[in-house]
There are 4 protein chains.
Amino acid sequence: MVIVMQPGVSEERIQAVIERLTEKGFDVHRSTGVERTVLGAIGSKNGVDIRDFELLNGVQEVIRITEPYKLAGRTFQKEDSQIKVGNVIIGGPEVVIMAGPCSVESRAQIRTIAKLVKEAGAKVLRGGAFKPRTSPYSFQGLGEEGLKYLREAADACGLLTVSEIMDRVDIPIAIRYIDIIQIGARNMQNFTLLRELGNLDKPILVKRGMAATIDELLMAAEYVMAGGNRKVIFCERGIRTFENSTRNTLDISAIPVVKKKSHLPILADPSHGTGLRDHVAPMARAAVAAGADGLLIEVHHEPDKALSDGAQSLYPEQFAELVCELRIVSQAIGRKI
Amino acid sequence: MVIVMQPGVSEERIQAVIERLTEKGFDVHRSTGVERTVLGAIGSKNGVDIRDFELLNGVQEVIRITEPYKLAGRTFQKEDSQIKVGNVIIGGPEVVIMAGPCSVESRAQIRTIAKLVKEAGAKVLRGGAFKPRTSPYSFQGLGEEGLKYLREAADACGLLTVSEIMDRVDIPIAIRYIDIIQIGARNMQNFTLLRELGNLDKPILVKRGMAATIDELLMAAEYVMAGGNRKVIFCERGIRTFENSTRNTLDISAIPVVKKKSHLPILADPSHGTGLRDHVAPMARAAVAAGADGLLIEVHHEPDKALSDGAQSLYPEQFAELVCELRIVSQAIGRKI
Amino acid sequence: MVIVMQPGVSEERIQAVIERLTEKGFDVHRSTGVERTVLGAIGSKNGVDIRDFELLNGVQEVIRITEPYKLAGRTFQKEDSQIKVGNVIIGGPEVVIMAGPCSVESRAQIRTIAKLVKEAGAKVLRGGAFKPRTSPYSFQGLGEEGLKYLREAADACGLLTVSEIMDRVDIPIAIRYIDIIQIGARNMQNFTLLRELGNLDKPILVKRGMAATIDELLMAAEYVMAGGNRKVIFCERGIRTFENSTRNTLDISAIPVVKKKSHLPILADPSHGTGLRDHVAPMARAAVAAGADGLLIEVHHEPDKALSDGAQSLYPEQFAELVCELRIVSQAIGRKI
Amino acid sequence: MVIVMQPGVSEERIQAVIERLTEKGFDVHRSTGVERTVLGAIGSKNGVDIRDFELLNGVQEVIRITEPYKLAGRTFQKEDSQIKVGNVIIGGPEVVIMAGPCSVESRAQIRTIAKLVKEAGAKVLRGGAFKPRTSPYSFQGLGEEGLKYLREAADACGLLTVSEIMDRVDIPIAIRYIDIIQIGARNMQNFTLLRELGNLDKPILVKRGMAATIDELLMAAEYVMAGGNRKVIFCERGIRTFENSTRNTLDISAIPVVKKKSHLPILADPSHGTGLRDHVAPMARAAVAAGADGLLIEVHHEPDKALSDGAQSLYPEQFAELVCELRIVSQAIGRKI
């Protein structure tokens, strides 16, 4: 923490701040300039609220100098984390494609789609069973039954599974069927849920909240990792901005930024990120070009009959064509699909 | 729903859209202009995703014409909802002040503060027992013990209680101690929790999410109300914008907008909305001037020793002075404190 | 500037950074902690881009510790600036009301409105002659003729005038008719225009850009003040956020924040800030309650015939009633109208 | 325009709205449903402010159904506009690279850089002579002298030139040296400047404002095109959001959205979009992958000595390597560099 004193402040006030810092266990380094004095406070302990110092007499500004996260940061681990699930490695040279419908609707539906996405090149099957819907009057998912269908379909095709849970009471059910547990954007700061996931030995895919900064996304991983589970995968899925031509603004620049700050892998979800089928392929290509370790893409064999988010689901042929384009894009940066 | 066709589109495509609408149970009204055709679809059922129509051939734009919420809207109930808790009415002529520390820290602390805020004019005592903290390494609240202290302190002074819960497993405990159950900004779209609160006969104070539109805030109320609990109170507590001089941007204009769209009362929380003590009083006055039905204000007798959010807590004298100013402001619009 | 080095970085890299700082004329103060080294660089000269240091090997973060503005800041001048125009003081105990139509439409129109707003309590007459319109096909204002009508109407009632100019070529005309020259939100960073206004001896009212931070608003004043003209008045008029129930989000908290950072006065424009007549009065009261030094309000005797922005113009009776409410609100904070 | 009446509103009020619409020259189509009446108003003329109808008694909502722009829209012209400058076509199969320093600093500097970027594959030389700087105390550019150096350097290497102007008085000078006139983000709504550019026969590169919606960007083109100049090129350069890890959030999704709404070409500027050298390459690849017609990239042979924006300038070797990667990416979508 660095504390910038107001210009011309009295020595007495400076001493009061130094005392307060020492009390809180900081090592204080003082720089006295012609115009103003700056105090460096090193050895910050958790639980210090920098705003407490902002309000002391004579203080002009207080600046945090260490990131709030530890385990999730590059400082803690220099080399990239590679997360192994079954025979798939996330965060390695391969760009991993996860695809499937928004919701599992029936045994037949998920079987059909599983086969199609496997053939096109996907490694993981997605499909929601517990759906967070903005309206209480919309389809809310098939629950455990949906997860069973998802598992069967994945097993039949040699795919892994990824699916979202919304409540910690769903964890015991989820671990029976899901290989990668997804935490949705609306639950990125559901701290009781995150803490509980820290006790599992399963990869957790954490989606970025619509208004979450990249530092907050890293803190969500920290909650999981502090409990002992180091297998966290991020997913950029669009932030909320003033622009409303797209459902959200898929923040592609989050990909290189996360890669610089953290050793954990990051995926992108161009389906939720744009909300409209037409824009999925360009944004999927952009994410891979920017360095994403994988993609989460909605595919449906009959999008216009889908019970949720049909408008953003690709037709199977579109998906297959997109994977071909992505193969070329990934070569440009020395990766493969 | 209104569907705007592209200019010069063929009759065949128009018919295909009309058919699809009829299939989905809409009454279709067609307007054929010189340049373009517009289709009005009335009798919309829940579960229709307007984007499904956006993707049909020949469609240029689809516009939703009814609000997604029902019970929470002014269309459903014209007159203001007044919510009675003990001898206090929220949404009536009185502007209700709820005050207290960010967290309940000890029996003595909450007793001291309860007495001070009661004397200054507060009617409800606030104090957190389950704390949503962005860092897993920060103080997380006293849990049930904290709620007990809160209740005792409130009873000793003749105050009501408001406190946040973060998980549905905490409901049985909460209803024993809390008069108004608060749902925090990060849980505004925790739909499993909201649905559960619909079964209670307790007022629910729903804080606006940092990236939630006003329509989404109303939908959160809808989740609670659809379950049978009509006692919902909104709270504006700041949205996330590009401006970072303040912790959040307290959206004062949400107050008149919510009042126009909904019959439910709305409060403001200038403490979380600004994050810094110096800005609490101006924003509290602004909220009342704009028509807020009440305020949620953090007060601490020793802010610099507070275990959380001390920097945004008022000193008791500041709070007392603020209430005096608020009395005058409320007179300007025919209300009182 | 404070430079935080990466943990465990070599002494050689630290020395390279110190050398670079010394080269650029900084006084360097070093704090060596157990985990990391922090360098304080004092005596910053203009023209240093802090990002240049961010990219040096071994540097983790660079933090600016001085505000980029000087003349506009509280550090430069502790007491509030009071700007005298005719017999009106902006930034003193009186809250100054500026009112009138969006555009001057005719000699008769501006005369009628001038009389009405004067009677209700306004001190300055507003009215646009050069209109920045988002569509090239909309009414663009009467130009110099409009300014003439504005001046005549103001003189007839004993009012001052405020009006916007959009280009430096309009300055010679403007100074003949306008007492307070307004710079619109879209021109807040039109640096060639701002620089030119620095040569005048007229108050300049600078509206905050839709995406401008408060620090950037202060920098716009700095451009004017650096040229010698110290009479700058700010105006908060709404920022762009994700919320679209209102045209913009009037950032009321900017008022106390600007007051803390700068000695210059700040007004609010609730008409443009909300875009809809119904919300003007609540937001006008909120702005005064938060400490605004004045208001800019659109009033029209026949809003439904207005050539621009009729929807956000108050009827004269509404305006008169609002001023009465504002008188009470201003008393709450020891001011008057 | 579609006008949704409140449920249960009287016939009289509906008639009043119909009358008003007819008065304004609209063709009105009425849909009477069980619950509510909807009025379609076709034949909208420019200059109608939809908010005027929002305020009529009994009206619940008013929805615009036609885009405000004409000449810039796909409705006006179905096939892509290809803009020819010298022997380069912008908007054709080739992805056009424009590169060079942020500012022209000297004859030698621009010559050196011109040669390097030409060799690597650039077709257009960029370099600022009139610089919009947020601080009045920063380097403001060499003016006409800078343009002369830019022209000479470009001619020596067989490159075209692109450079920004900030004021209409600079047009006569600019047209002597610049092949593509750039309008910066801060001037995207400088309507007097845009209108003036409508009279030229030169391509105009319009950068998106930091808070401009895509529709507003198209309206800026409309201003130029309405004057007769159809050669407009867009450039996405980052929007302002709550995220502050990057200088701006480069909105890659704007590329497919603009391509859908407009026939005009769109470039991306990853240098200003990210503000930091490390993130330029990933975002440049992402932009091309998403379908950008070209890129604007800052390159400097000695970035740490650059007078402006050195931190976001690529080293010549980095630029050359990036162009190689971009060649592969562009193949993925059937284009070339």
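Arg126(C) is buried, with a relative accessible area of 4%, where buried means under 20% relative accessible area, exposed over 50% and partly exposed in between (1.4 Å probe, protein chains only). The model is a predicted one, in which local features need pLDDT of at least 70, side-chain atom pairs count only at pLDDT 80 or more, and totals for chains, interfaces and linings use all residues. Side-chain values use heavy atoms, with hydrogens and water left out; residues are numbered from 1 along each chain as its sequence is written, and chains are lettered from A and ligands numbered from 1 in the order in which they are written.

Arg126(C) sits in strand β8 (residues 124-126) of chain C; helices (H or I, at least four residues) and strands (E, at least two) are DSSP runs, numbered from the N terminus. Its side chain reaches the backbone oxygen of Pro101(C) at 3.3 Å. Between Arg126(C) and Arg247(C) there are 121 residues in sequence and 21 Å in space, C-alpha to C-alpha.

Ser262(C) lies in the loop between α8 (254-261) and β13 (266-268) of chain C, and its side chain comes to 2.7 Å from the backbone oxygen of Ala72(C). Beyond its neighbours within four places in sequence, Ser262(C) is in contact (heavy atoms within 4.5 Å) with Ala72(C), Gly73(C), Arg74(C), Leu218(C) and Phe234(C).

We turn next to the interface of chains D and C. Here 47 residues of chain D are in contact with 47 residues of chain C. The two chains bury about 4,100 Å² between them, 50% of it on carbon and sulfur atoms; buried area is the accessible area (1.4 Å probe) that two parts lose on being put together, summed over both. Arg51(D), Leu55(D) and Tyr137(D) supply 17% of the area that chain D buries against chain C, more than any other three residues.

Across this interface the rule finds 4 salt bridges, each a side-chain nitrogen of Lys or Arg within 4 Å of a carboxyl oxygen of Asp or Glu. Arg168(C) forms a salt bridge with Asp167(D), the closest N and O atoms being 2.8 Å apart. On the side of chain D that touches chain C, α2 (51-54), α6 (191-197), α7 (214-226) and α10 (277-289) of chain D each supply at least two residues, and α7(D) gives the largest share, 5 residues.

Conventions:
A polar contact is a pair of N or O atoms within 3.5 Å; within protein, one must be able to donate a hydrogen and the other to accept it, and residues adjacent in sequence count only if both atoms are side-chain atoms.
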